[in-house]
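Me: I am new to this structure and would like to go through it slowly, one question at a time. Could you show it to me before we start?

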Amino acid sequence: YLLSSLRDSWSGTRGPGLVVRDSWFGTLKPSLRTAPRSKLPAGILRPSRRRSGRMPEITPIATLRTCYTDKFGVPRQSGLVPGAWGIVEFEPAFRRAEALRGIEAFSHLWLITQFHLVKEEPSALTVRPPRLGSNERVGVFATRSPFRPNRLTLSVVKLDRVEWDGPAAPRLFVSGVDLVDGTPVFDIKPYLRYADSVPDAVSGFADTAPSRIPVRWDVAVDL
């Protein structure tokens, strides 16, 4: 009976939304509820139902505002342009100071987001990476191409500061972003140096950073 109750509660048969438990044998109770399917923004991830049970629909916790208004010109990886700024603005349900308590102790964060401007579903599971001259096909899971199932992306950004006061607070000010303005954020995790850094890792065809091109700005003023 206990296992049946746990299964029914997690699958949502006793009510919509996610559930949490007070203790191992405690009472399961409703927690943060997911948005109805009809209210999800267009292009946002909608996981399908699996044979093993229902998966809760994933909705954004925040929106990332960035200096890139168009996807063309966005860096291919995070950190390549340290001055590229972004602001994480939380949805009302998550716009609470306790959700960010202690986050200022970390210098960098992982942002789990989605390539929301890629509307079409991938027609193949191979892509042509620019690092290979866009001529050779490799498996999509061996690349970071935006043309992938679910269109999820993972970025490491520098946490510059936390805005605790104001009508939209709390907000996270970050830099080194590689995402277009308006990108939905599904989760935020602190970057852990001891676990997330692998100095002797091998990175296949992208083992070295791309060559950088110097850019000079000339400003002409008509008097």
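Reply: Glu89 stands opposite Arg171 in S9. This is a predicted model, in which local features need pLDDT of at least 70 and side-chain atom pairs count only at pLDDT 80 or more, while totals for chains, interfaces and linings use all residues. Residues are numbered from 1 along each chain as its sequence is written, and side-chain values use heavy atoms, with hydrogens and water left out.

Me: Which strands do bridges join to S9?
Reply: Strands here are DSSP runs of E with at least two residues, numbered from the N terminus, and two of them pair if DSSP finds at least two bridges between them. Five bridges join S8 to S9, and these two run antiparallel, with Lys158 standing opposite Ser175 in S9. Five bridges also link S9, again antiparallel, to S4, so that the strands asked for are S8 and S4.

Me: How many of the five residues of S9 are buried?
Reply: A residue is buried when its relative accessible area is under 20%, exposed over 50% and partly exposed in between, with a 1.4 Å probe and protein chains only. Arg171, Phe173 and Ser175 point one way from S9, whereas Leu172 and Val174 point the other way, and all are buried. In a regular strand the side chains alternate between the two faces of the sheet. S9 is largely enclosed by the rest of the structure because the number of its residues that are buried is five of the five.

Me: With which side chain does the side chain of Glu163 make a polar contact?
Reply: Glu163 lies in strand S8 and counts as buried, at 17% relative accessibility. Among the residues that Glu163 touches, not counting those up to four places away in sequence, are Ala169, Pro170 and Phe173, where contact means heavy atoms within 4.5 Å. A polar contact is a pair of N or O atoms within 3.5 Å; within protein, one must be able to donate a hydrogen and the other to accept it, and residues adjacent in sequence count only if both atoms are side-chain atoms. At 2.7 Å, the partner of Glu163 is the side chain of Arg171.

Terms used:
Helices (H or I, at least four residues) and strands (E, at least two) are DSSP runs, numbered from the N terminus.
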